[in-house]
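I opened this notebook to record what I looked up in the structure.

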Amino acid sequence: MAEPLAIHTQALTKSYGRVQALFGVDLSVKRGSIAGFLGPNGAGKTTTIRCMLDMIRPNGGTIKVAGIDPQADPVAARSLVGYLPGELHLDDNMTAEGALRFFNALRQKQAEWSYIEQLVERFDLDIKRPIKNLSSGNKKKVGVIQAMMHRPEILMLDEPTGGLDPLMQREVLRLIKEARADGATVFFSSHNITEVEAVADQVNIIREGVVVEVVDVAELLTRALRRALITFREPVDISALIQLPGVSLLSQDNHTTVELQITGDMDTLIKALGSYPVVDMQTTRPSLESIFMTYYETEKEEVS
Amino acid sequence: MGTIFRHTFRRSRGAILGWGLGLFALGLMIIPIFDILADQQEQLNQLLEMYPPELIAFFGDFSEIASPSGFLGIEYFSYMPLILGIYGIIAGSGLIVGDEENGTLDLIMGYPLSRTSFFIGRVLSVFLTLISIIIIAWLGIGIPSLTTESFSIHWGELFLPFLSLLAILLLFTSLALLMSMLLPSRRSAAMVTGILLVASFFINGFASINEDLQPIADFLPLKYYQGGDALNGLNWNWVAGLLGFALLFVLLSWWQYQRRDIRVAGEGSWSLLDTFRRNRRRTFPKSSSTMESSS
């Protein structure tokens with residue numbers, strides 16, 4: 001039976017000399033899903049991905065890529081993966097075509113050239129030009145194509161849309177969805193929360209080398225977590241409200257306006273509000289951005 | 001491995017053509033001079049008597065310049081390790097770290113390619129590049145020697161000093177590779193190996209006029225480079241010794257490459273210093289949290 005998890009890390013730690021980059025990263029990415037990897041700069045995204053490909057060796061913890069330990073058998077692990085580095089550097093002296101042919105040769109010509117040509121056409125890329133004459137966006141297109149051209153089981157993309165114009169960003173996201181539809185697993189890091197929310201099934205938020213939140217995007221959109229902004233006619237004591245199961249206080253203004261976060265259904269809260277002089281109540285679902293910003297802003301506060 | 005080997009060797013075409021053709025042309029120019037020098041041996045000896053012994057020490061016994069082996073030793077092979085050694089050091093120090101510093105290694109190592117395969121492909125490629133340059137240089141000497149009447153050495157025999165040269169080049173190339181694995185940057189690896197090459201050249205030269213330097217020279221690689229003397233009989237033990245050390249340096253480099261982290265791009269830091277700091281930190285743990293530098 002195939003390993004149900006495409007990527008699985010447990011308690012992954014990594015330090016660079018005195019600098020601790022990962023403090024115990026736990027990740028579980030299901031096969032055939034799109035997992036986003038969000039975090040501020042320096043959070044440990046690239047380090048985590050590079051550990052998965054055995055480019056750097058973790059100090060502790062375990063990694064499995066499609067059930068394979070990349071440290072024990074890096075070739076087997078990488079043969080399943082299409083990788084796009086965050087900082088893409090290509091050999092400037094080659095043409096884009098030469099680079100793609102070289103990359104294909106590294107995989108024993110696993111990719112069909114006709115498929116590569118399709119991708120080239122979709123990205124509107126002139127592959128006859130030397131890499132040194134390509135813009136950074138066009139170099140990125142070469143990077144995306146080389147990662148996808150052999151239709152890998154797992155795509156590890158570090159900032160795949162960075163540096164691309166909006167049209168090409170959309171094309172990359174479309175390709176990511178197509179890859180998932182073909183059965184591939186996509187694990188990608190991004191700073192663009194909107195695009196992550198648009199395509200990802202699951203979002204892992206990393207901060208200071210620890211995965212602090214794993215969000216199921218579908219669940220986020222359909223269930224449960226809501227925010228309620230309630231206005232009362234006069235100042236009230238809300239202590240009874242915030243003691244209700246699944247209810248927590250986000251903010252309060254002059255005891256006449258409160259913002260609550262509710263996990264689960266609203267029934268208990270609404271019944272409890274029956275004894276309060278409620279003037280207005282607005283409920284919203286928190287966006288991925290608001291969840292992410294919660295962690296990001298906490299970090300900024302700590303730094304300042 | 002084959003793909004890496006072919007790709008790297010293809011990239012070395014310019015170096016082979018540039019260095020090879022340059023040395024080929026040098027050979028074409030030098031060999032015809034031998035006839036002229038042989039005719040003017042007496043005047044030349046008078047001239048050489050005025051030269052300071054320190055200068056003569058670097059180039060060998062000038063009284064031998066009328067013999068083909070002495071001529072080649074002085075006019076060609078005496079400085080060749082320095083000239084080609086520079087190429088070897090640049091190529092060796094950048095063999096893997098060059099790609100790491102310019103960031104292309106990060107992508108290549110994302111492919112199903114073991115570090116060993118990559119390493120062997122690269123090493124074989126640079127060694128073949130050096131062999132190609134040496135062969136072209138040998139042809140540059142061998143071809144005109146066929147038409148120079150007084151040059152009484154068989155063209156095949158002329159390859160012996162090139163073997164000695166190849167052995168010393170492989171040694172310095174391998175040493176530069178090892179240094180690049182141990183030191184934080186390609187620049188520092190090339191600099192350290194380059195200093196050793198130049199120091200070896202000078203100490204070995206001065207050792208012939210200052211016996212006190214001889215024990216030091218015995219430990220330096222150039223002592224075991226024969227140059228033109230190889231035409232009087234190649235010391236196979238010395239060649240084997242140089243190649244043995246080259247192999248040892250390659251193996252140590254491979255071992256280090258297996259263990260180390262691959263950088264995204266740019267130069268590294270002094271790992272020994274980091275180790276020292278780490279050990280100190282273990283002894284005196286700091287309470288403050290560390291900052292991250294990589295994402």
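I note that the expected span of a helix is 1.5 Å times one less than its number of residues. I also note that this is a predicted model.

**Entry on α5 of chain A.** I looked up helix α5(A), residues 136–148, and found that its 13 residues reach 19 Å from first C-alpha to last, close to the 18 Å expected at 1.5 Å a residue. Is this helix mostly covered or mostly uncovered? I recorded α5(A) as mostly covered, with 11 of its 13 residues buried. Among the buried residues are Gly137(A), Lys140(A), Val144(A) and Met148(A). I then asked what covers the buried residues of α5(A). The cover includes β5 (81–84), α3 (96–106), α4 (113–122), β6 (154–158) and α6 (166–181) of chain A, together with α8 (104–108) of chain B.

**Entry on α11 of chain B.** I found that helix α11(B), residues 186–207, has 22 residues and reaches 31 Å from its first C-alpha to its last, close to the expected 32 Å. Its buried residues include Ala189(B), Leu197(B) and Phe201(B).

**Entry on the cores.** I looked up the largest nonpolar core and counted 154 residues; Met156(A), Leu72(B), Tyr76(B) and Leu165(B) have the most contacts inside it. Helix α10 (residues 159–182) of chain B gives the most to this core, namely 15 residues. From chain A, domain 1 (5–80 + 152–216) and domain 2 (92–141) each supply at least three residues. Leaving aside neighbours within four places in sequence, I listed contacts of Tyr76(B), including Leu23(B), Ile30(B), Ala137(B) and Phe162(B). Another core, of 15 residues, lies apart from the largest one and has Ile230(A) and Leu273(A) among its members.

Conventions:
Residues numbered from 1 in each chain as written. Chains lettered and ligands numbered in written order. Predicted model: local features only at pLDDT ≥ 70, side-chain atom pairs only at ≥ 80, totals over all residues. Heavy atoms only, no water. Core = buried A, V, L, I, M, F, W, Y, C linked by side-chain atoms within 4.5 Å. Buried < 20%, exposed > 50% of the residue type's maximum accessible area, 1.4 Å probe, protein only. Helix = DSSP H or I, 4+ residues; strand = E, 2+ residues; numbered from the N terminus. Domains from an automatic or database assignment. Contact = heavy atoms within 4.5 Å.
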